[in-house]
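Try each task before reading its solution.

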Amino acid sequence: MRARTQQGPRSSTRQQGGRRRRTVSAAAAMAIGVMTVAALTPPASSASAAVATARPDAVQQALNTLVRDDGMPAALASVKGRDGRTRMYTAGVGDLATGSKVPRGGQVRIGSNTKAFTAVVVLQLVGEGKIALDADIDTYLPGLVRGKGIDGRRITVRQLLQHTSGLPEYGLHIDDDELRHWYFEPRELLDIALRYKADAAPGEKWGYSNTNYLLAGLIVQKITGRPLAEEIDRRIIKRVGLRHTYFPTPGDKTIREPHPQGYHRNPADGPLRDFTEIDPSAGWAAGQLISTDSDLNRFFGALLAGRLLPAAQLAEMRTTVPVGDSGMRYGLGLTSRTLSCGGVYWGHGGDIPGYETRGGVTEDGRAVNVTVTSIPTDEAAVQHVKDAVDRALCG
């Protein structure tokens, strides 16, 4: 459920609240980018192979590399080019058990791209005068956020959206089986986070934590009196016509439309497991949405074009801070990265066991989103996903 900035911690075990918590788990991958390598390199799909024999373009070559060299079961992409045309790409196989083709434009779990949707709803409420970015959390959730070095009276809404609150990460303390099968209420996820001390003082430094967006979602519900899923659907999905995007209902472990299977490995040298069906509740406001590459392009394109936010709130969203020495900058639920051909692209990205999505849009309307069906851990594979996005936007 995150935009990757660095490799997360490796493995440890701990006992907490009667449950055995393993930091290298599916939830940890979802939360902090602990990646796993797929050892099995499936053959390219017949469609991809046909394209490959006919001098594949740079995007197809990049996807083929992810499958052939990096062990991704499948790779998908949707690219809107300088000419305004949208091109769809696939490589690999959609199901390792059956060898079925990768569905073009298939649905996937989009992980932390969900944060951009949550941030848009918060900023819409800011534009409506119902939330103030520099108000503290206690203004909206009085007395809720207290812990070791943690005080909701000292943390602002802006710091939640920007990941500068210093709040600890809840996802590190949810193991694989819990992630797949357990239904978590948002308040239960917050309780998990608040058992641990603050990572930093509010405003001291940037530090990625899904707990920030958990609280942003709770604020949305408190202000609107409606479920977060309904607000995202009403204010964004229906507004810009995202026909293949939805917030799964409680207990819905499936992906509704044609989709490639998603795979996860834990530990890194363990067997590759099908992780397509999981209970998505551990992601909630930070990572629960299901969508397609094309719908993500449409969403980020509409956002940058000013169709979802007033100019003042879009400017706030695009006001960024550096993310270490990664070259990425983080705004309010929106990231920017430089392109090899000059300029930047705006998006977010997301990891959730089974799927990784990367991409964004440029000021002149180019757009790309790339999905792989296992979260890469090898640095070469990590770079190859970034390269695929760069090639598509610079081609």
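**Exercise 1: a residue and its setting**

His264 is buried, at a relative accessible area of 2%, where buried means under 20%, exposed over 50% and partly exposed in between (1.4 Å probe, protein chains only). This is a predicted model, in which local features need pLDDT of at least 70, side-chain atom pairs count only at pLDDT 80 or more, and totals for chains, interfaces and linings use all residues. Residues are numbered from 1 along each chain as its sequence is written, and side-chain values use heavy atoms, with hydrogens and water left out.

Task: find the strand in which His264 lies.

Solution. Step one: His264 belongs to strand β8, residues 263–265; strands are DSSP runs of E, at least two residues, and helices are runs of H or I, at least four, numbered from the N terminus. Step two: go to Ile375, 111 residues away along the chain, and its C-alpha lies 7.3 Å from that of His264.

**Exercise 2: two helices**

Task: describe how α4 and α11 pack.

Solution. Step one: helix α4 (residues 113–127) and helix α11 (residues 293–304) pack at about 35°, with axes 12 Å apart; axes are lines fitted to C-alpha atoms over the stretch in contact, and angles run from 0 to 180 degrees between N-to-C directions. Step two: Asn113, Ala116, Phe117 and Val120 of α4 meet Leu296, Phe299, Phe300 and Leu303 of α11, contact meaning heavy atoms within 4.5 Å.

**Exercise 3: the whole chain**

Task: how many helices and strands does the chain have?

Solution. Count 13 helices and 17 strands.
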